[in-house]
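Hi,

Here is the model I said I would pass on. Have a look at it first, and then read on for what turned up.

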Amino acid sequence: MPTSANSNHPSRPEDLIGRLNSAHTPYEAKLKALRDLKNQIIGNRTKKLVFLKLGAVPSVVSILSSAAAPQDGGGGNREFHESVLIQSAAAIGSFACGLDEGVKAVLDAGAFPLLMSLISHLNEKVVDAGARSLKLIYQSKLAPKYDFLQVKNMEFLLSLLNSKNEKVTSLGASIITHSCQTAAEQQALSGAGVIKRLVCLLGGSINQKDASLESLAAMVKGNPEVASKFMGPENGRALGVVIELMKDKYPRTRLLASMCLISIRNTSTSYLQDLGIKSALVLVLLELLDDPGQVGDEAPFVLSGLVTEKEDMQKIAFDANVINKFCEHLTAGSFQTKRLQGIFLALSDLCSKLECCRDRLLDLQVLNIVTEALAHDSAEVRAAACIFFKNVSRSVKNLSAGQFMNEAIAVPLVQLLCDSRTSVQYLSSLFWIFRYGYAIEHYNAVTIYLAVGISRLMKNEVAALGAISNVVVNFMARKSVFMECGGVKQLVQLTKSMESAIRVNAVWALKNLVFHLSNRCKEEILLELTSTTLVSLINDPEASVQEQALGLIRNLVDGTLNSIDCVFGEDGELLHAIGRKMRRSTSKVEVQIQGMYALSNVASGNELHKEAVMNQLLPQAVDDKETLLVKFLQSSDSRLRTATLWAIINLTYPSSPNTCHRVNKLWNAGIVSQLKNMVNDPCLDVKLRAWTAVGQLMMYGDAST
Amino acid sequence: MPVRLVEASSPSQVSGTTHGNTLPQPCSLLSVGQAFSGTQNVSSLQKDEAWRVNVRIQGCDLDHGYLCGTMEALNVPMADTPVVTFWEGEIVDTKNYTFFTGKWGATVEDDIKHWTKFPSFPPLLSQVEADGGKSLDLSNYPYIFMRWKEQYFVNVGTDCGLTIAGFYYVCFSCSDGSINGFYYDPNSSPFQKLELKSTNDGRSGFSFSTYELQ
């Protein structure tokens, strides 16, 4: 690289910008300034940000624009202009490289169409510079979406893929990777013969291989038709080539080959199901974990994609000692944030279904590292740590042993709820202020950023609630550590969130917390929650919230006899609310099941309790319409039939003083004949309960029916 | 961790039904939170003794044939307080587990001898002798067979003078929730009997609590 005379003293940014902008600067000096700028910012994020702030990008783009305009004369002048094109394109590419602020600045300054025009330039070096910079832009989510469905665009893309220039073909593939999202787009690309061209590129340079692997994965993802086309005879040994690339000497190529195969595997269960390939994928990714760079950071995420929701893959990974390897990495030392997030997520996936994996993980004693991460600076790491806890605490054996219920874990979890609640509230307020208080031109950008921020915070909040829902399950009937850390207040506040996802998870956590809890603790929770809130949760617009609320009540009234009175107090408002919910024809079956169990549990109490439930299920004014009880007994869902039968069994439990009276009412409501129809129910549980209920009713039977 | 038996690639089936239709169906009385109480007879040649026992179900994963809970033994002579242990159960569902134990020192003969002591077992005997019961259709059978193995002491040390080296052969009645079991430990008196009934916590009826892990 030719060095300028002043290379030992890089120009001050302000001076450089000045020279670029000034109309008085001679062209040669401008070219030198461009080179200088480019050299300063390459690989230097801090410098890029400094120059961005000073408005360097519009200046450079303006220079590119003038140089790209049709020029007079040829010869030396043309060569000079081409150098300017090359350097300005390179500088723009550098600003965009790995920096979203840079990409935004470059796009806002109108660089995109200018760079595109360079692709058809006669000078290969200019084409290279343009293609390289465009590729860097396309690595960002902020790049403009390419519309493949327009014929003109498809033709242009094909011309890129068919080019003899390596950087241009790579650019074509990058555009596919970035923008190919819908099935229609995948079909269109496949129909245009893109797969065949990409398969050829698998035999090209490193860049072409890598770009092609990524774009093939994007084309195949979730699309069995395109996947089978890829595997089809017209593409020859394409699959074999990709499998071979898992052994390529470059780590990034090995990673991308694995990703491509995983994409195919996850799309269609017809392919890549033999043990050999499954084990090979695990081993390649395990080995890539040792890479100290970006490849090592991404490997855990790719492994997650391989094993998520797939018990067989989790078992293969377990047998290959993947968990041990990940834990060795964790204990080896501190990490770059992305890698830590990836390891936590991969471990979470690995222990999502199999007890042997959770056991191994807990044996390796990394819990303290993950616990610390609950207070990490990065929100993504905190969320990943929460997901880790949620999955590993699916081990009932370890929940029972109290592994997860200690202050070290409870305190940061409660803190996460406090923090995100405050942040979500703060951001929500800002959102509404901007929505109503500011000029319309500010609305879009600001509220979009806020909405994204709120959405990300909510995801983190849901992750924290997921972990809490599990770790609060308390089998020992002693006071919960979570309660002692002030967790109940936070959960109760969240049951009033505007977001249904938060409400559902908060009520779910309360339901689990209350399972098998002492009466004293239940009272404490009720005091904080209040009956009024419970009633509004039963009537929440979302069925999932109603279901959890009724499950919570079911647990509150379980246990010793006096727990029922704690919940229902004197006015019976809650019981009425449950009865009303059951009587509504629009209630979902899951809501009905929980409601019936809540009522059934109450009906296992004393006479007053049984009468109160009876009044809800068989109100005094019975009209010709089918009673609730009969309707539920005829449900196609065996769980609802079972829950209803338990309610009847409890209402007619022998040796209760007023059972006779209730039995008569049930006979009169036609329940007995309905029950007799159920003694051969296909569901064993239903059949057995129907027998019991019939037996009890016949014991007091009204012979006249 | 007990080893899971992997199903053979083409199991022989009674009446050609798929595995999905032959497993024991869920039973409300054998679900989380349910409690049972009764006795374990620990008689030996020297004396007759019975401990009061309370059992509570804590976890239930039917897909994997898994159950777990606690067992509390009261009036244990060597202990000042009730002794609580945590146990894990294998449900004989012909998919995850068969009637053959295959571990814990129990031979096939031991298995047959113990299962036969349950009145509900004889109808299944011939099939079990043939292949451990792999091809049985248990979906409508009103009894659930299990093995319960205590894993650790919850509230006492291992030096309390009690052993959890053996395991229980268990038969659960789906209709009334009663549980019968026989303790097997090559080093203890044979056929110590466990007899439990579903308890109501002082209620006039049955109450069901729930939790769901995310």
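To count salt bridges, I took a side-chain nitrogen of Lys or Arg within 4 Å of a carboxyl oxygen of Asp or Glu. With that cut-off, chain A and chain B have one salt bridge between them. Bear in mind that this is a predicted model.

**Where the two chains meet**

Let's start with that one cross-chain pair. K511(A) is bridged to E212(B), and their closest N and O atoms are 2.4 Å apart. The pair runs from helix 30 of chain A, where K511(A) sits, to the segment after strand 8 (192-198) of chain B, which holds E212(B). How exposed are the two partners? K511(A) is buried, at 3% relative accessible area, while E212(B) is partly exposed, at 31%.

Polar contacts are another matter: 31 residue pairs make them between chain A and chain B, counting pairs with both residues at pLDDT 80 or more.

As for the extent of the interface, 57 residues of chain A and 39 residues of chain B take part in the contact. Together the chains bury about 3,700 Å², and 52% of that is on carbon and sulfur atoms.

Once neighbours within four places in sequence are set aside, N505(A) is in contact with V462(A), L465(A), S469(A) and Q214(B). N505(A) has a relative accessible area of 8%, so it counts as buried, the cut-off being under 20%.

**Salt bridges elsewhere**

Over all chains, the structure holds 26 salt bridges. One of them joins the side chains of E185(A) and K145(A), at 2.6 Å from N to O. This pair links distant parts of the chain, 40 residues apart: E185(A) is in helix 11 (residues 183-191), and K145(A) is in the loop between helix 8 (124-138) and helix 9 (151-161). E185(A) is buried, with 5% relative accessibility, whereas K145(A) is partly exposed at 45%.

R662(A) and E607(A) form another salt bridge through their side chains, with 2.9 Å from N to O. R662(A) is in helix 40 (residues 659-668) of chain A and E607(A) is in helix 37 of chain A, so this pair ties together parts 55 residues apart in sequence. Are these two buried or exposed? R662(A) is buried, at 0% relative accessibility, and E607(A) is buried as well, at 19%. There is also a network in chain A, where salt bridges with shared partners join R12(A), E14(A) and D15(A).

**A helix pair in chain A**

Helix 36 covers residues 589-602 and helix 37 covers residues 607-617; the angle between them is about 145°, and their axes are 8 Å apart. From helix 36, M596(A), L599(A) and V602(A) meet H609(A), V613(A) and L617(A) of helix 37. The residues of this contact are five nonpolar and one polar, with no charged ones.

**A serine in a loop**

Last stop: S378(A), in the loop between helix 23 (367-373) and helix 24 (379-392) of chain A. A polar atom of the S378(A) side chain lies 3.2 Å from the backbone nitrogen of V381(A). S378(A) and T337(A) are 41 residues apart along the chain, yet their C-alpha atoms are separated by 7.1 Å. With a relative accessibility of 11%, S378(A) counts as buried.

That's the lot, and the model is yours now.

Cheers

Methods: Residues are numbered from 1 along each chain as its sequence is written. Chains are lettered from A and ligands numbered from 1 in the order in which they are written. This is a predicted model: local features need pLDDT of at least 70, side-chain atom pairs count only at pLDDT 80 or more; totals for chains, interfaces and linings use all residues. Side-chain values use heavy atoms; hydrogens and water are left out. Buried means under 20% relative accessible area, exposed over 50%, partly exposed in between (1.4 Å probe, protein chains only). Contact means heavy atoms within 4.5 Å. Axes are lines fitted to C-alpha atoms, for helices over the stretch in contact, and angles run from 0 to 180 degrees between N-to-C directions. Helices (H or I, at least four residues) and strands (E, at least two) are DSSP runs, numbered from the N terminus. Ala, Val, Leu, Ile, Met, Phe, Trp, Tyr, Cys and Pro count as nonpolar, Asp, Glu, Lys and Arg as charged, and the others, Gly among them, as polar. Buried area is the accessible area (1.4 Å probe) that two parts lose on being put together, summed over both. A polar contact is a pair of N or O atoms within 3.5 Å; within protein, one must be able to donate a hydrogen and the other to accept it, and residues adjacent in sequence count only if both atoms are side-chain atoms.
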